[in-house]
Amino acid sequence: MGIIRGGLLFFAGILFLISLLVGNILLTMILSLSYENVKIEFADVVKKNVDVNFNQNFLKMQTDCQNRSEYILNLNVYDQSSISVPCSVVSQGQDSVINYVVEDILNESYYKKYDCKLFDCPSEKNAPFVYVSEHSKNYWKNWFYYSLLASLILIILIFLLIENKRGIFIDVGGLIIFSSLPLLFLNWIVSNFNFADILFSKAKIVFWMVFIIGLILISVGIALKFWSSLGGNTDVSKKEVSEKEDKDSKEKIKSKKK
C-alpha cells in the first residue's frame with residue numbers, strides 16, 4: 001500500500017469513527033425523546049421546577065372543590081403560569097393531582113409548536129422544556145440522517161482504499177464497537193446538566209445495539225477468512241502471474257539455446 005493511499009485510508013477511518021460517535025449520541029437522544037420515555041423521566045424534573053407546595057394546596061383544593069368543578073392551580077413553570085385541575089381528579093387524592101399536573105405540562109411542552117431555533121428557545125421564549133420536546137426530537141433526527149449518510153459514504157471510501165476487501169468487515173466492525181464504548185459513561189458525564197438524564201436515558205440500550213452490530217460484522221469477517229482458509233486461496237495475484245510468466249519465458253529461452 002502506498003504512502004498516499006495509506007494516509008487517505010487512515011484519514012477516512014478517523015472521519016468514519018467521528019461520524020459513528022456523533023451518530024450514536026444522536027440516536028441516543030432520538031430514542032430517549034420518545035413521548036413515553038419522556039413521560040417516565042419527566043416527572044421528577046417537573047416536580048423540581050413546579051413552585052407549588054402540594055401538601056398545603058391540596059387542602060385548599062378539597063375545600064374549593066366543594067363549590068366548583070375545577071381548581072385553578074397557580075404555577076411557576078417558565079411559560080405556564082397556571083393549570084386547571086378538574087375536581088374529579090382532586091377527589092382521587094394528592095398523587096392523582098400531581099400526576100395530572102405533570103402530564104398536562106408534558107403534553108403542553110412536548111407537542112408545542114415552537115417558532116424559534118432549538119438553542120434560542122430558552123432565552124427567547126423562556127422555554128427550556130423545548131429540549132425534551134417533539135421539536136427537539138425531530139431536530140436531532142435530521143442530523144442523525146446526515147451522520148448516517150456520511151458513515152455510508154466513508155464505508156464505501158474505505159472499501160475502495162483497502163487492499164484486502166474481505167477485511168473491511170473486521171475493520172468496520174472494530175470501529176463500530178470502539179465507537180459504542182463512550183455510551184457507557186455518557187450518563188455519568190452529563191449527570192449534572194439539566195434534562196441530561198432524559199436526553200441520554202437510552203444510552204445503554206444504544207450501546208448494546210451498536211456493540212452487537214459491530215460484533216456481527218467482525219464475526220462475518222472472521223467467517224470469511226475461515227472459509228477462505230478452508231477452501232484454499234484460489235485467487236492468484238497479478239504479481240504471481242507475472243513471476244510465473246517470466247519464469248516460463250526464461251525456461252523457453254534456455255531450452256531453445258540448448
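Student: In which helix is the place of Ser 147?

Tutor: This is a predicted model, and the answer is taken from it. In that model, the place of Ser 147 is in helix H7.

Student: Is Ser 147 buried or exposed?

Tutor: A residue counts as buried when its relative accessible area is under 20%. Ser 147 has a relative accessible area of 8%, and therefore it is buried.

Student: Which backbone oxygen does the side chain of Ser 147 reach?

Tutor: Apart from residues up to four places away in sequence, Ser 147 touches Ser 19, Gly 23 and Leu 26. The side chain of Ser 147 also reaches a backbone oxygen, at 2.7 Å, and that oxygen belongs to Phe 144.

Student: How far apart in space are Leu 154 and Leu 17, C-alpha to C-alpha?

Tutor: Leu 154 also has its place in helix H7, and at 11% relative accessibility it counts as buried. Beyond its neighbours within four places in sequence, Leu 154 is in contact with Ala 12, Leu 15, Phe 16 and Ser 19. Leu 154 and Leu 17 are 137 residues apart in sequence, while their C-alpha separation in space is 9.6 Å.

Student: What is the relative accessible area of Ser 180?

Tutor: Ser 180 lies in helix H8, which covers residues 168–180. Setting aside neighbours within four places in sequence, Ser 180 is in contact with Asn 24, Phe 207, Val 210 and Phe 211. Ser 180 is buried, and its relative accessible area is 0%.

Student: From which residue comes the backbone oxygen that lies 2.6 Å from a polar atom of the side chain of Ser 180?

Tutor: The side chain of Ser 180 has a polar atom to consider here. At 2.6 Å from that atom lies the backbone oxygen of Ile 177.

Student: How much space lies in the largest pocket?

Tutor: The lining of the largest pocket has 18 residues, and Leu 20, Asn 24, Leu 148, Ile 176 and Ile 213 lie nearest its centre. Two or more lining residues come from each of helix H1 (3–32), helix H7 (134–161), H8 and helix H11 (203–231). The lining divides into 13 nonpolar residues, five polar and no charged. The space in this pocket is about 350 Å³.

Student: Which element gives the most to the largest nonpolar core?

Tutor: The largest nonpolar core has 58 residues, and those with the most contacts inside it are Val 38, Phe 42, Leu 73, Val 85, Val 97 and Val 101. With eight residues, the element that gives the most to this core is H1.

Definitions and conventions. Residues are numbered from 1 along each chain as its sequence is written. This is a predicted model: local features need pLDDT of at least 70, side-chain atom pairs count only at pLDDT 80 or more; totals for chains, interfaces and linings use all residues. Side-chain values use heavy atoms; hydrogens and water are left out. Helices (H or I, at least four residues) and strands (E, at least two) are DSSP runs, numbered from the N terminus. Buried means under 20% relative accessible area, exposed over 50%, partly exposed in between (1.4 Å probe, protein chains only). A polar contact is a pair of N or O atoms within 3.5 Å; within protein, one must be able to donate a hydrogen and the other to accept it, and residues adjacent in sequence count only if both atoms are side-chain atoms. Contact means heavy atoms within 4.5 Å. On a 1 Å grid over the protein atoms alone, a cavity is a set of points where a 1.4 Å probe fits but cannot get out, and a pocket is an open set with protein on both sides within 12 Å along at least five of seven lines; lining residues have an atom within 4 Å of a point. Grid points are joined across faces, edges and corners, and a volume is the space filled by probe spheres set on the points. Ala, Val, Leu, Ile, Met, Phe, Trp, Tyr, Cys and Pro count as nonpolar, Asp, Glu, Lys and Arg as charged, and the others, Gly among them, as polar. A nonpolar core is a set of buried Ala, Val, Leu, Ile, Met, Phe, Trp, Tyr and Cys residues joined through side-chain atoms within 4.5 Å.
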